[in-house]
Amino acid sequence: MSEVCNVALLGQKFMGRAHSNAYQKAGRFFNLPRTPVMHTIAGLDLIALAPFADRWGWRNYSTTWKDVVKNPEIDLVDVSTPNYMHAEQALAALSAGKHVACEKPLAHTLRDARAMKNAALRARRCKTFVWYNFRRCPAAALAHRLVKEGRLGRVLHVRASYLQSWGGPETPLVWRFQKKYAGSGAHGDLNAHIVDLARFVTGQEIVEVCGAIAETFVPERPLPSAGRGPIPGAMPARRQMGKSDVDDCVLFLARFKDGAVGSFEASRVATGHLNNNSIELNGELGALRFSFEDMNVLWLFDSREPKQTAGWRRIVCTTAGEHPYAGAWWPEGCPIGYEHTFVNMVADMMAVLGGEEPTVPLPDFADAYETQRVLEAATLAAKHRAAVKLTEIK
Ligand SMILES: NC(=O)c1ccc[n+]([C@@H]2O[C@H](COP(=O)([O-])OP(=O)(O)OC[C@H]3O[C@@H](n4cnc5c(N)ncnc54)[C@H](O)[C@@H]3O)[C@@H](O)[C@H]2O)c1
């Protein structure tokens, strides 16, 4: 067995489940130079922690993350808490000499993100990772490779959108709708993913945000404890409402370093879309497009093919040896799903911690900070109704 990597996971709900599953599965499907060991799960809800630890295979559980990150047995701290906690927890872990894997967005403010980037640069022996997991869809990873090989020639257009519809007026005021906890709404949640994906697939940085719109369609939401329904026979209780102070959608236009132009759109109220994370690139020699709702597929158009038979080619990215990550999974033609992106990410993190190369590049804090600068530029562009150059965002 390879050298172990004792993991402490902070956060036990949505991403807590996704990451727990990934730590369990990675060593079963990949040959890893480091073996993740599920050492400790930390969360706030003591009642839920014991059954969670039992169900997912964590050896210990705790409600005091500050003690957990200092435990000398821990090698990697995984920060999967709401955005406002990322900086405090990641900084504590780095100063205790731990490797850190942090959920996206890097932080809820640019200032916190900068502190994290700088601390990671200082902690030279510690590796940092950010869970931009969509890079690890085989089709998205293939897109990255094809662009790098020059298959599209010069990229002219980047068209990215991340559309969801769960954020209507009935959705309670959870932390995701409060600026002090989340930083922003659909922007930091969803634009963060597509800005990262666009930077990853094109290999180019965004140099200017040329204009942006941020809109809050639902300014008030029911408080999470409210809305359980009236007592039978009683008058319906008036629901207690609270203020939602984040965006429900943000759209912006951008320029890339090598001249490509881009559009980005993130929404939680895009009726008809559940989790539609899509990107299309048009280059001088070809085009490609990817949508997470059909995540095993990459579409490729090669403009050098004879016009008679030219067209979009549907590539099912499940062939071992040809498509990134496919060799670790099932026979050709057997698709993978959402959870596999996290397993692929754990495999790549263990590769890096074991001194090997990841299948495709992993974002660290410095890389994720570049995404955060773009988000900040778009926020300012929307606020001031003006273009913002990335050189203005330090
Ligand atoms: N990569 C992705 O695709 C993806 C998807 C969803 C969420 N996320 C990110 O993951 C993070 C968590 O989101 P989620 O959906 O899992 O949220 P969630 O609300 O489902 O879970 C948050 C967890 O954090 C715990 N927590 C909160 N404060 C804590 C503290 N002080 N100490 C210890 N634990 C604490 C809560 O108990 C809970 O278990 C966010 O940053 C979010 O943006 C990423």
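Directly after helix H2, Gly57 has a positive phi of about 90 degrees. H2 itself (residues 46–56) is hardly covered, with one buried residue among its 11. The model is predicted: local features require pLDDT of at least 70 and side-chain atom pairs count only at pLDDT 80 or more, while totals for chains, interfaces and linings use all residues. Residue numbers start from 1 along each chain as its sequence is written. Helices (H or I, at least four residues) and strands (E, at least two) are DSSP runs numbered from the N terminus. A residue is buried with 20 or more other C-beta atoms within 10 Å of its own, exposed with 12 or fewer, and partly exposed in between, the C-beta atoms being placed from the backbone.

**Nine-stranded sheet**

- An open sheet of nine strands has the order E16-E15-E14-E13-E7-E12-E11-E8-E17, with mixed pairing; two strands pair if DSSP finds at least two bridges between them.
- Strand E16 (313–316) and strand E17 (388–389) are the edges, and each has a single partner strand, so one side of each lacks a neighbour in the sheet.
- Strand E7 (residues 155–163) runs parallel to strand E12 (residues 261–267), and seven bridges join the two. Within this pair, Val158 has Gly262 of E12 as its bridge partner.
- E12 also pairs with E11, here in the antiparallel sense and over seven bridges. Leu253 is placed opposite Ser263 of E12.
- The hairpin of E11 and E12 has four residues between its strands, and Gly259 in this hairpin takes a positive phi near 105 degrees.
- E8 and E11 run antiparallel and are joined by eight bridges. Here Glu215 has Cys249 of E11 as its bridge partner.
- E11 is largely enclosed by the rest of the structure, because six of its eight residues are buried.

- Helix H6 (residues 138–148) lies across E7, strand E13 (276–283), strand E14 (286–291) and strand E15 (297–302), and runs at about 160 degrees to E14. Axes are lines fitted to C-alpha atoms, for helices over the stretch in contact, with angles from 0 to 180 degrees between N-to-C directions.
- Helix H8 (residues 186–202) lies across E7, strand E8 (206–215), strand E11 (249–256), E12 and E13, at about 150 degrees to E7.
- Ile194 touches Ala160, Ser161, Tyr162, Phe264, Ala266, Asn277 and Ile279, leaving aside residues up to four places away in sequence; contact requires C-beta atoms, placed from the backbone, within 7 Å.

**Six-stranded sheet**

- A further open sheet has six strands in the order E3-E2-E1-E4-E5-E6, paired in parallel.
- Its edge strands, strand E3 (60–62) and strand E6 (128–130), each pair on one side only.
- From one strand to the next, the twist averages 25 degrees.
- Strand E5 (residues 99–102) runs parallel to E6, to which three bridges join it. Val100 has Thr128 of E6 as its bridge partner.
- Helix H9 (residues 338–353) packs on this sheet and touches strand E1 (3–10), strand E2 (34–42), E5 and E6; its direction makes about 115 degrees with that of E2.

- The chain is assigned domain 1 (3–133) and domain 2 (137–384), with bounds from an automatic or database domain assignment.
- The C-alpha centres of domain 1 and domain 2 are 22 Å apart.
- Their contact takes 39 residues from domain 1 and 36 residues from domain 2.
- On the side of domain 1 that touches domain 2, the elements giving two or more residues are helix H1 (14–29), E2, E5, helix H5 (110–122) and E6. H1 gives the most to this side, with eight residues.

**Leu390**

- Leu390 is located in the segment after E17.
- Leu390 counts as partly exposed because it has 19 C-beta neighbours inside 10 Å.
- Apart from residues up to four places away in sequence, Leu390 touches Ile206, Val207, Glu208, Arg373, Val374 and Ala377.
- Leu390 and Glu370 are 20 residues apart along the chain, and their C-alpha atoms are separated by 9.4 Å.

Note on methods: Two residues are in contact if their C-beta atoms, placed from the backbone, lie within 7 Å.
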